[in-house]
Amino acid sequence: MHTHALPPLYLSHGSPMIAIETSPAAQFLDRLGPAIDRTFGRPRAAVVVSPHSSTRQPMVLAGARHEAIHDFGGFPAELYAQRYDARGDTLLAHEVSRRLGEAGIPAQAVDASGLDHGIWTVMKRAWPGAEVPVVPLTLVPTWTPAQLWAAGRALSALAEDGVLVIGSGAMTHNLRRFFGPRSVPDGRIEPDVVAFQDWVHARGTARDWPALLDYRQQAPGAALQHPTDEHWLPFYIAAGAGGEASPAVAIHRSVDAGVLAMDSFAFGPHAGALAAALA
């Protein structure tokens, strides 16, 4: 049984290779599930938002079981052999839809199943035995950060009932830069990536939510780090679920290949307890 309200999370998944590779971000996710179980008790379920399942209005997948979807191409055979068969939670899916609707956010629970790689890769690292049921919630990529914050806020009470709200994405996500001509020496991080990381961490620590909601205008190099911002937007659902009274607490910071930041955050009044458990 959970003992405290679970802190909502923003987790960077980056490449689907995180499911099988060894990297600082992958090793962090390996420690995350056990740390949550020790500190709060195992979650009753996880409601997960990923940029790889997007719709024009929120949809909640209410299937009783889910399987991993290999929604990518050109990767090693080992990655396509990965499976993640998780239970769903039909009743919770309908509760999520209801809570969003009560907040004036039209949402629909649908009898559908499947976990895109933004969901199953992080869940597989954290709970490799699929011990936690999963309820996927689609992202509306055209919504503003403020709209997504409001959606997260509508789900905030779920934490009191042992439900973990996760926004899965990437702290920075410029794939053209990642796959283009490589000029970043091993071990070096591009200064503009560090500047973006530092800004988000500072604004989150200060609870400067107005600045974070206006990140596109205020964050240094925002358009360079996110030519399209769908991988950053799940941050606001998790942050909204945590509420404005508590800071964003960094629980991981790393960068892949010098340009893809893989930072993760916890939100809400118990975020510090999780950070301490991971330290």
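Figure 1. The axes of α5 (residues 145-154) and α11 (residues 234-242) come within 6 Å and cross at roughly 45°. Axes here are lines fitted to C-alpha atoms, for helices over the stretch in contact, with angles running from 0 to 180 degrees between N-to-C directions. Helices (H or I, at least four residues) and strands (E, at least two) are DSSP runs, numbered from the N terminus. This is a predicted model, where local features need pLDDT of at least 70 and side-chain atom pairs count only at pLDDT 80 or more, while totals for chains, interfaces and linings use all residues. Residues are numbered from 1 along each chain as its sequence is written, and side-chain values use heavy atoms, with hydrogens and water left out.

The crossing of α5 and α11 is right-handed; a crossing is called that if the near helix is turned clockwise from the far one by less than a right angle, and left-handed if anticlockwise. On the α5 side, the contact (heavy atoms within 4.5 Å) uses Pro-145, Leu-148, Trp-149, Gly-152 and Arg-153. Their partners in α11 are Tyr-236, Ile-237, Ala-239, Gly-240, Ala-241 and Gly-242. Sorted by class, that gives seven nonpolar, three polar and one charged residue. For the bookkeeping, Ala, Val, Leu, Ile, Met, Phe, Trp, Tyr, Cys and Pro count as nonpolar, Asp, Glu, Lys and Arg as charged, and the others, Gly among them, as polar.

**Figure 2. Gly-243 sits in the loop between α11 and β9 (249-252).** With a relative accessible area of 4%, Gly-243 is buried. The cut-offs are under 20% relative accessible area for buried, over 50% for exposed, and partly exposed in between (1.4 Å probe, protein chains only). Leaving aside neighbours within four places in sequence, Gly-243 is in contact with Trp-149, Arg-153 and Trp-209. Ala-46 is 197 residues away along the chain, and its C-alpha atom is 18 Å from that of Gly-243.

Figure 3. From α1, the contact draws on Phe-28, Arg-31, Leu-32, Ala-35, Ile-36, Arg-38, Thr-39 and Phe-40, and from α12 on Ala-273, Leu-274, Ala-277 and Leu-278. Nine of these residues are nonpolar, one is polar and two are charged.

**Figure 4. α4 (residues 117-126) is mostly covered, with 10 of its 10 residues buried.** At the start of α4, a side-chain oxygen of Asp-116 comes within 2.7 Å of the backbone nitrogen of Gly-118. As for α1, its axis is 6 Å from that of α4, at an angle of about 65°. Here Ala-26, Leu-29, Asp-30, Gly-33 and Pro-34 of α1 meet Val-122, Arg-125 and Ala-126 of α4. That contact has five nonpolar, one polar and two charged residues.

**Figure 5. Thr-172 lies in the loop between β8 (163-169) and α6 (175-179).** Thr-172 counts as buried, at 1% relative accessibility. A polar atom of its side chain lies 2.9 Å from the backbone oxygen of Val-259. Not counting residues up to four places away in sequence, Thr-172 touches Val-193, Phe-196, Gln-225, His-226, Val-259, Leu-260 and Ala-261.

**Figure 6. Ala-130 and Ala-257 each have a positive phi without being glycine.** For Ala-130, phi is about 55°. Ala-130 belongs to the loop between α4 and β7 and is buried, with a relative accessible area of 11%. Ala-257 has a phi near 55° and lies in the loop between β10 (255-256) and β11 (260-261). At 34% relative accessibility, Ala-257 counts as partly exposed.

**Figure 7. Arg-83 is in the loop between α2 and β5 (86-87).** At 51% relative accessibility, Arg-83 counts as exposed. Its side chain makes a polar contact with the side chain of Asp-85 (3.2 Å). Such a contact is a pair of N or O atoms within 3.5 Å; within protein, one must be able to donate a hydrogen and the other to accept it, and residues adjacent in sequence count only if both atoms are side-chain atoms. Arg-83 also touches Glu-67, Ala-68 and Lys-124, not counting residues up to four places away in sequence.
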